[in-house]
Amino acid sequence: MNLTRRHFLQAAGSAGVLLPLTGISQLAWGAENTDRDLLVIVFQRGGCDGLSLVSPVNDQGYIDARAPEMRVAASGDKAGLALDSPMDAHIDFRLHPEARALQDLYKGKQLAFIHAVGLPNGTRSHFEAQDLIERGVADNQALKANTSGWLARSLSQMGADSMVPAVAAVPGLSHMLQGAPHALALPDLQAGVGLPGGPQGLAALQALYANRTDMVGAAGRGTLDALSAIDHQLPRGADNKVQNYQPAHNAVYDNNDLGRGLQAIARLSRMSVGLRVACVDQGGWDTHDNQPGRLNGQFGALARNLAAFHDDMAGSGTRVTTVVMTEFGRRLRSNRSNGTDHGHGGLMMVMGETVQGGQIYGRWPGLATEQLDRGVDLAVTTDYRAVLSEVLVQQGLGKQAIGSQVFPGYQPDLKLGLFRT
Amino acid sequence: MSTKQTEKKDIPAALLLNRCAYGPTERDLDALRAIGPSEWISQQLNPPAQEDAVVSKRLADLRLRIRYAAGQGYAARDEMAPLSTLDKPIEQVWNLADFKQPMAGNERSRPRFEVAAATLVRAAYSPWQLREVMVDFWHNHFNVYAMDAPISVALPTYDRDVIRKHCLGNFRAFLEAVATSTAMLYYLNNRSSRAGIANENYARELFELHTLGRDHYLNEYYSRWRDVPGATTGKPTGYIDQDVYEAARAFTGWVVEDGTGLGGGQNLPQTGKFTYVETWHDNYQKRVLATDFDPFQPPMADGRKVLDLVAAHPGTADYVCTKLCRRLLGDTPSKAMLASVTAVWRKHLKSPDQIARTIEFILHTPEFADSAGARVKRPVDLVVSYVRATGIDFTPTDGFIYELDGSGQRLFGWAPPTGHPDNNDYWLSSHVMRKRWGLLMGLTDNWWNTGAIDPRFGLGGGSTAAGALAVHWMGRFGNRAGEMDRIAGLLDGLGLAPDRVLNNDQGGLQQMRRIVAFAAMSPDFQYC
């Protein structure tokens, strides 16, 4: 059935047939359009300082290691926002004041934090850490054997064979989706995905790319199929221009990469193309200098866009689970540029209606020198794969498949309990 | 050539002009055929220092729009202005980076636009094409993000006095030019690094991205420097985090004259130039790559010693030569090939033309001669090769640069210090594929005022049959014989019969232009 659908859509796209919108969407998805899952990964590129987002404001190690302006305050007009959490009875964890929008989601039990999480490997290299995480492994040796991304391998376990099962809302395909058939890169859907020359141009391109199996030919054919299927479904005004996306519930996204990307994901998930997984980036986290000012902007944008995405997708009939992650946390001690260098343990977030939110998960390792990783950084007490494994179970994958296919060599124990059962 | 390859192969002219130039033009093809590949390569690797006359004229004639509304303390501006920052020393433009002076953001970002425009002009028209290819390579290797105002202002100097000056020269000298450049000192924060707790940003990327590379980051040894293979004999095979920490200390005090307070009411001058501030330097003993540094060395000696160590490290030869091969071959070199390339690199460690010698060697390998079809054009390669093949009288515009920025390749605007990806996959994403087609259509229909196209360029004559025109352009865009069978389908898609005669009227010219643009969208033209 799925295959038939895919082939039908391809044929429709290839012929440049403009089917009435309702017709194609019913034929394509029908009743399955409701009650389906969408998994979204937001990757914070550059190493987000988790200690500033969910901040242990009364931890003596934190107070000693960072100059006052480098810390979230416990009191005053810029005090961190309270997060009631059973994670550690002695530590007062506060949310960064610029991330206020996340406090509502947290209190509404739609959002959970996982602290002191990350790679078991202690690399302090952005690009090595990103590669390891995106390919779902923990060491360089495993990198050689696993050239596809963990999200691509998860997708193949989900058996999603739709027109557009996966999208990376960035210009080039993210490594976590490397190897996923039919994965698209689409950083922005605001102005549509039109091809030059309209239906005639499409036909000309199809003639040029038909049956070509070389790398350019294959990429071109895949692009033509998917984009023409999407283009058919975008609403057009009287001037035949693609109409702007109108988020539901008056949700307002920022006009930045993350905002445009999440909006593209929301728009695509509302279309009948079978979107199952998506990822998007937020850059700018490598705060080696001038950290306080930069993090104000970063956390504000992150919180606003996540809240907008949550509001927009509420009641859409799609069960959205959003994971926020980064390659590593930052150095506990601040440097003399008012910044922090590359560290180790970080913070993850999971957001969605099935999340057991309003809690900080994991184990707080403490910030005394002997409790730190290599004496300098927040230790990792939760493997990033422990979080993703629970997310994947919630997405319908079996424990066996996760251990053998998605994260080879990793045994998920599913002990965090991030989701309501 | 000092190192003779044994199995010398003929280098196809098209390969050379696609890989070592921004695509063939008649003039370059003729020049290459007249002197042969070896001489062509040798000439290309010895370009004159001064700008080519044709390029100079185009740059002098170029006008780029600058437009903004009035703001607090400044008036509105909307004009076609000449390029004004390219030739100036940094102190003459540094006021653009002074945030105390009220000014529109577009004034501060202007230098980046000017360098981007000049880069496109040189790529299209410079006879010294291989230099332009290598300038692009090194701009990515030593990436900076010029969307930030101070780096935009420092970009003309960085492009001119660092990248262009050293792109074919000696790597050790290149490294120091980068380390003391305002653009890099801002981008990787060394300007704010101080004794005490140094800022590690530059030191880490110096090892990981500029020299030894990630494969030589021996993270598993972390603090046990003696356990790193070779360390006890002073020749560690790789680096560890402690090397990063220590190197960061070595570069403290390498800063920019940016007006920062020195204490006691004194400030650094505001010139944007490099300077060394002894009182900010961490003078105590250090150990980098298993080499001891004595305390209290002369000014800048610590940083220079780090540069000496990393420039001479065999890991740097491996990493940089692998990247050079990947760029020039379109693929990772075999172990045997890499060994022969690094031998040349290391033999010329002290030569003023170390990089040129290495490139020359790579281009004479049989692997290079066999590498056609291995590399995919990035958007800039594509648009410039299109301009060169179609003879468009090309002038970059702000609108065109904005469009290019959205294509996945932002000249001097890639945020992470890796530079743009150099693997084909990235440039084959659905987004980039779509943008390729849109860029070709827009250039052809002159959407961004970059210059009109003559759809009969290279054909001459009056009216043309659609089929003949398509054959002409498909061939010109490097389509192999078998691809010509697609012409019927291409024309059919465009609603044109092959024997349809297209006249010189508006409708006919529009149809002709569509044929040119779509022929360039063919898969074969996407390879270089």
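Visitor: What are the ground rules here?
Guide: The model is predicted: local features need pLDDT of at least 70, side-chain atom pairs count only at pLDDT 80 or more, and totals for chains, interfaces and linings use all residues. Residues are numbered from 1 along each chain as its sequence is written, chains are lettered from A and ligands numbered from 1 in the order written, and side-chain values use heavy atoms, without hydrogens and water.

Visitor: What makes the pair Arg212(A) and Glu483(B) a salt bridge?
Guide: The term asks for a side-chain nitrogen of Lys or Arg within 4 Å of a carboxyl oxygen of Asp or Glu. Here N to O is 2.8 Å, so the pair meets the definition. Four salt bridges are counted between chain B and chain A.

Visitor: Which residues are in contact between the chains, and how many?
Guide: Chain B gives 58 residues and chain A gives 54. Contact means heavy atoms within 4.5 Å. The side of chain B divides into 24 nonpolar, 20 polar and 14 charged residues. Helix 19 of chain B gives the largest share, eight residues.

Visitor: What is the buried area between chain B and chain A?
Guide: About 4500 Å², with 57% from carbon and sulfur atoms. The term means accessible area (1.4 Å probe) lost when two parts are put together, summed over both. Arg214(B), Arg434(B) and Trp437(B) supply 15% of what chain B buries against chain A, more than any other three residues.

Visitor: Why does the salt bridge of Asp377(A) and Arg124(A) tie together parts apart in sequence?
Guide: The closest N and O atoms are 2.6 Å apart. Asp377(A) sits in the loop between strand 11 and strand 12 of chain A, and Arg124(A) in the loop between strand 5 and helix 6, so the pair joins parts 253 residues apart in sequence. Helices (H or I, at least four residues) and strands (E, at least two) are DSSP runs, numbered from the N terminus. Over all chains, the search finds 55 salt bridges.

Visitor: Which helix gives the most to the lining of the second largest pocket?
Guide: Helix 1 of chain B, with four residues. The lining divides into eleven nonpolar, five polar and nine charged residues. Nonpolar means Ala, Val, Leu, Ile, Met, Phe, Trp, Tyr, Cys and Pro; charged means Asp, Glu, Lys and Arg; the others, Gly among them, are polar.
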